[in-house]
Amino acid sequence: IPALASISRSSGVLLGVAASSGKLNDTDYKKLLVRHFSSVTPEAECKIKELTPQGPDHYVWDKCDAVYRYAVENGKYFRLHTLLWWDHLPDWLDKGSFSPRKLRAWTVGHIEKVMARYPDAYAVDVINEGVADEFPGGVTASLDGVRRGNKWFPLIPDYLELAFKTARRVNPTAKLIYNDYNIASMYGWMREKSNAVYLLLRDMKSRGVPIDGVGIQMHFCLSAFDEPGTFEGIAYNFQRLGQLGLEVHITELEFNCSPYGDPCPRWNRASLDKQAALYRQVTRLCLDYSHICTMMSTWGASDRFSWRGPEQHALLFDEEFRPKPAFFALAEEFARP
Ligand code: G3I
């Protein structure tokens, strides 16, 4: 089967994958990653919960180091995910009560330590999912309600720019990314949150915050673009983000059988073909806008290791690591001039 990593290399779009350290020990799986993907994102290992499970000053680096080592030893780009996320926090932080000063000091120190340890990171998801999901008062340019209530906000009202400025101070060249979900299209079901993130990023860029791009996760199911205009709204969104001087990274692409939390009602040849068409559409869009959409990563390579479980059939390779129609769709799109 064609090697996606070499087919995509000259396309202008970097093709990546999420992987976790434990699965990198599986030699067949590792061969798949080396052959088909040029970038790797640690699926969980480099988050606060995995790095400091027991307490604020006790770092456990081995699993995050393992993914970084895989990247360095195999000539892959390393996408460091993620410095600050409101979810999956260790108890000492989640349940801890901190003064703003102490939390600020720890947060700056955390970012300094992680950024300094992985100097070859190509891109860093500095903030993951920092914007609310609902906007009862509507999305307003005042940005009220746009930020998600979490451990840092409103305790540290400027935590977003503090994070980006600290990351830039340690690493002058890594691409500093704001990463979020349900923000791909200006139209349809993603409209409000896409607009909220656009307003937030426009505000930050206008204030000179060192932010280079936006990570659009794209955890989709097969019906994601069924509402007319939804897919077209992604291209318009890419354009307006590009006009802010931002790159777009598709960071966690997958097309699951059913929406998050719903069981898969059926999976047949028609499902596989629809999935391939959707992967093709997104890949073609990123390639057509490669001056803005500089990379795309799938959130895993094989259904066997998908975070949604193999029964969601979300990825390019099936449970036995065999390529699915979606894989060949990507190979064709990347191979086109
Ligand atoms: O490493 C421990 C292991 O020692 C332990 O035995 C095992 C059982 O408790 O847990 C293992 O940690 C798990 C970790 O994945 C590594 O496999 C955590 O429990 C589990 O919560 C964690 O889930 C990850 C989740 O983020 C939280 O970090 C998923 O694999 C990962 O797919 C998911 O990814 C997120 C992105 O970061 C942000 N966007 C949404 C996406 C899906 O939720």
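This report covers helix packing, cores, selected residues and backbone features in a predicted model.

## Helix 10 and its two partners

Two packed helices are described by the angle between their axes and the distance between the axes. Helix 10 spans residues 230-243, and helix 11 spans residues 269-288. They pack at an angle of about 25 degrees, with their axes 11 Å apart. Angles under 35 degrees count as roughly parallel, so helix 10 and helix 11 are roughly parallel to each other. The crossing of helix 10 past helix 11 is right-handed. Helix 10 brings Phe231, Ile234, Ala235 and Phe238 to this contact. Helix 11 meets them with Gln281, Val282 and Leu285. By class, six residues of the contact are nonpolar, one is polar and none is charged.

Helix 9, residues 191-206, also packs with helix 10. Here the angle is about 10 degrees and the axes are 10 Å apart. Helix 9 and helix 10 are therefore roughly parallel to each other. On the helix 9 side, the contact holds Ser194, Asn195, Tyr198 and Leu201. On the helix 10 side, it holds Asn237, Arg240 and Leu241. This contact has three nonpolar, three polar and one charged residues.

## The nonpolar cores

The largest nonpolar core has 110 residues. Phe78, Leu80, Leu83, Tyr178, Met218 and Phe238 have the most contacts inside it. Of these, Phe238 also belongs to the contact of helix 10 with helix 11. A second, separate core has five residues, including Leu14, Tyr122, Ile177 and Met295.

Which residues surround tyrosine 178, beyond its neighbours within four places in sequence? Tyrosine 178 is in contact with Ile127, Glu129, Gly130, Val131, Phe164 and Val197, among others. Its partners also include Leu200, Leu201, Ile211, Gly213, Val214 and Gly215. Leu201 also takes part in the contact of helix 9 with helix 10.

Threonine 230 is in helix 10. Its relative accessibility is 0%, so threonine 230 counts as buried. Tryptophan 189 is 41 residues away in sequence, yet 7.7 Å from threonine 230 in space, C-alpha to C-alpha. Leaving aside neighbours within four places in sequence, threonine 230 is in contact with Ser185, Tyr187, Gly188, Trp189, Met190, Ala224 and Phe225.

Glutamate 227 sits in the loop between strand 7 and helix 10. Is glutamate 227 buried or partly exposed? At 42% relative accessibility, glutamate 227 counts as partly exposed. Not counting residues up to four places away in sequence, it touches Gly188 and Trp189. Glutamate 227 and glycine 188 are 39 residues apart in sequence and 6.5 Å apart in space, C-alpha to C-alpha. Gly188 and Trp189 are also among the contacts of threonine 230.

## A buried glutamine in a loop

Glutamine 217 lies in the loop between strand 6 (213-216) and strand 7 (219-221). Its relative accessibility is 2%. Buried means under 20%, so glutamine 217 counts as buried. Beyond its neighbours within four places in sequence, glutamine 217 is in contact with Asn128, Glu129, Asn179, Asp180 and Tyr181, among others. Its contacts also include Ile250, Thr251, Glu252 and Leu253. Glu129 is also one of the contacts of tyrosine 178.

## Backbone features to check

The peptide bond from histidine 81 to threonine 82 is cis, with omega near -10 degrees. Threonine 82 is in strand 3, residues 77-85. The bond from phenylalanine 153 to proline 154 is cis too, with omega near 10 degrees. Proline 154 is in the loop between strand 4 (123-128) and helix 8 (159-170).

Histidine 313 is not a glycine, but has a positive phi of about 55 degrees. It lies in the loop between strand 9 (293-298) and helix 12 (325-335). Histidine 313 is partly exposed, with a relative accessible area of 22%. Phenylalanine 321 also has a positive phi, of about 65 degrees. This phenylalanine is placed in the loop between strand 9 and helix 12. Phenylalanine 321 is buried, at a relative accessible area of 13%.

## The covered side of helix 12

Helix 12 has buried residues at Ala326, Phe327, Ala329, Leu330, Ala331, Glu333 and Phe334. An α-helix has 3.6 residues a turn, so residues three or four places apart point the same way. The cover over the buried residues of helix 12 includes helix 1 (4-9), strand 1 (14-19) and helix 3 (27-36). It also includes helix 11 and strand 9.

How values were computed: Residues numbered from 1 in each chain as written. Predicted model: local features only at pLDDT ≥ 70, side-chain atom pairs only at ≥ 80, totals over all residues. Heavy atoms only, no water. Axes fitted to C-alpha atoms, helices over the stretch in contact; angles between N-to-C directions. Helix = DSSP H or I, 4+ residues; strand = E, 2+ residues; numbered from the N terminus. Parallel < 35°, antiparallel > 145°, perpendicular 65-115°, else oblique. Left-handed = near helix turned anticlockwise from the far one by under 90°. Contact = heavy atoms within 4.5 Å. Nonpolar A, V, L, I, M, F, W, Y, C, P; charged D, E, K, R; others polar. Core = buried A, V, L, I, M, F, W, Y, C linked by side-chain atoms within 4.5 Å. Buried < 20%, exposed > 50% of the residue type's maximum accessible area, 1.4 Å probe, protein only.
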